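Here is my note on the model. Please keep the sequence and the structure open while you read.

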Amino acid sequence: MTQTPLWTRDEVLDAVGGLAKGADWTAGGVAIDSRNLQPGDLFVALQGPNHDAHDFVAAALANGATAALVHRMPEDAPEGAPLILVEDTLKALTALGRAARKRSSARIVAVTGSAGKTGTKEALRLVLSPFGKVSASVSSFNNHWGVPLSLARMPRDAEFGVFELGMNHPGEIRDLVALVQPEVAVITTIARAHLAFFKTGAAIAEAKAEIFEGVQPGGAAILNASSEYYGLLRARAEACGVTRFQTFGKSAEAQLRLVNAELYARCSAVSALIGGKPFDYSLAVPGEHWVMNSLAVLAVVRALGLDLTTAAAQFTRLKILKGRGSSELVSMPEGAFELIDDSYNANPESMRAALSVLGRSKPREGSRRIAILGDMLELGSESRSLHAGLAKPLLEADVDLLFACGADMTALFEALPADRRGAHARDSVALLPIVQAAVKPGDVVMVKGSLGSRMAVIVEGLRTLDRKHSDNQPLRAANGR
């Protein structure tokens, strides 16, 4: 049986306009990076601030791209290369995403929030899979190019689509949700992030509430009833015409109410009331933040009219993504230590969640809990006070030593008792040899910071301490206690 292509040349032309060159073609996928495209992909040559993908069109075609979408003729493209020439490739990609959404009959979910977006999106990918074919954003493709790319990649026969929407300025979600047009819109949480661009938490909530502007008639909003911004968010949703709500949280008014959560080092057991009826389930991931995300996921399932028991059973298969709290053992000649890689990003709320998980870890007797933290960025004038404010959760988690880097992490370092201070350095590169020398077998070591703090340098440097195995094996989340 011949597989239906994702895109034909004529469909792409109808969506983006432009001038076709070369022979006819069909595409099985869409790619923007010549290094990881699959044979048969349409390569979209985007021009960014640092790189112009037009320089890699020839490489993309050599690697199996079926055609390329360009806004100038590549100098090294082979004669007769299959191309579509447009005025602007980013606008063309956006148009392609819009066309994909228009032709799709999938039930669409959009997710935003100050933290937990990607984890919730991945949990929805998993939880919805028993009910039909799911298409979801890759990684954190949640911006002005990631969202249309994810839409353009959505298979024709997808039954569910899950898309993550991010922002750090007002108006960004408005543009993205206009493309996605969800049946269900989720706001995971509102936290003090991007304060360099927003004066208050309420301003952040207002920007996140833009997601309701694209909810389709009869669609639903998923809100945390325990949030201090719940009233604001609900009012904004109602002003956008949303009449269906599913609420979650610890509040007695929540339709999906958390009654109790037993939190362990590698898993959680949850007791909830859903529609007033008891509902218990297990999560193969640790942390109260994951408990709250799971309730939001079940709220989506309920809004879609799907079976909650079938959905919740998938939570035992959850896996933490790389850089977002995944754990592994790093073997040294004298023994192994546990490395928790939460280096992808950070804000005050996600820092507190990560420290809480570290606090439930089980170092070997006589060993230590170690936090290696980099600056949280985009916090504006409150940055130093928000960094210093992490001292309390760090001490409550019984963290033995803090190793820190960055200008604002100085505030946290100085706020701690002397016996909890490991070392402070100007950046992750300078801090690396210090932590490499400090870590001992039996320790549990957690690394976290904003992406711009480059804490992945620390993670990779600690992995080089492994002398026994060329590949570190991820720790499997225990289903027991």
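1. Over which residues does pLDDT stay under 50? The stretch is residues 468-481. pLDDT is the predictor's confidence in each residue, from 0 to 100. For this stretch the model has 28 contacts beyond four places in sequence. A contact means heavy atoms within 4.5 Å. Read those contacts with the pLDDT under 50 in mind.

2. Now the whole chain. The protein chain averages a pLDDT of 92. A score of at least 70 is reached by 95% of the residues. This is a predicted model: local features need pLDDT of at least 70, side-chain atom pairs count only at pLDDT 80 or more, and totals for chains, interfaces and linings use all residues. Residues are numbered from 1 along each chain as its sequence is written, and side-chain values use heavy atoms, with hydrogens and water left out.

3. Start with the sheet of 9 strands. The sheet is open, and its order is β9-β10-β8-β11-β12-β13-β14-β15-β16. Its pairing is mixed. Strands (E, at least two residues) and helices (H or I, at least four) are DSSP runs, numbered from the N terminus. Two strands pair if DSSP finds at least two bridges between them. At the edges are β9 (134-136) and β16 (277-283), and each pairs on one side only. Neighbouring strands of this sheet are turned by 20° against each other on average, direction ignored.

4. β13 (residues 244-249) and β14 (residues 256-263) pair in the parallel sense, over 2 bridges. There, G249 stands opposite R257 of β14. β14 and β15 (residues 268-274) run antiparallel and are joined by 7 bridges. A hairpin links β14 to β15 through 4 residues. L263 has S268 of β15 as its bridge partner. β15 and β16 are also antiparallel, with 7 bridges. Here A272 has F279 of β16 as its bridge partner. Helix α4 packs on this sheet and touches β8 (107-112), β9 and β10 (160-164). The direction of α4 makes about 170° with that of β10. Axes are lines fitted to C-alpha atoms, for helices over the stretch in contact, and angles run from 0 to 180 degrees between N-to-C directions.

5. α4 also meets a helix. The axes of α4 (residues 117-128) and α9 (residues 288-303) come within 10 Å and cross at roughly 50°. α4 and α9 are therefore oblique to each other. Under 35 degrees counts as roughly parallel, over 145 as roughly antiparallel, 65 to 115 as roughly perpendicular, and the rest as oblique. The crossing of α4 and α9 is right-handed. A crossing is right-handed if the near helix is turned clockwise from the far one by less than a right angle, and left-handed if anticlockwise. G119, T120, A123, L124 and V127 in α4 meet W290, N293, V297, V300 and V301 in α9. The contact of α4 with α9 has 7 nonpolar, 3 polar and no charged residues. Ala, Val, Leu, Ile, Met, Phe, Trp, Tyr, Cys and Pro count as nonpolar, Asp, Glu, Lys and Arg as charged, and the others, Gly among them, as polar.

6. Compare another helix pair. α1 (residues 9-16) and α3 (residues 89-103) pack at about 110°, with axes 8 Å apart. That makes α1 roughly perpendicular to α3. From α1, the residues in contact are E11, V12, A15 and V16; from α3, they are A92, A95, L96, A99 and R103. By class, the contact of α1 with α3 has 7 nonpolar, no polar and 2 charged residues.

7. Next, α7 and α8. The axes of α7 (residues 201-208) and α8 (residues 230-239) are 10 Å apart, at an angle of about 30°. That makes α7 roughly parallel to α8. The crossing of α7 and α8 is right-handed. A202, A205 and E206 of α7 touch L232, L233 and R236 of α8. This contact of α7 with α8 divides into 4 nonpolar, no polar and 2 charged residues.

8. Finish with the sheet of 6 strands. This open sheet has the order β17-β18-β22-β19-β20-β21, with mixed pairing. Its edge strands are β17 (326-332) and β21 (421-425). Its neighbouring strands are turned by 15° against each other on average, direction ignored. β17 and β18 (residues 335-342) pair in the antiparallel sense over 7 bridges. E328 has L339 of β18 as its bridge partner. Helix α15 (residues 428-438) packs on the sheet, touching β19 (369-374), β20 (401-405) and β21.
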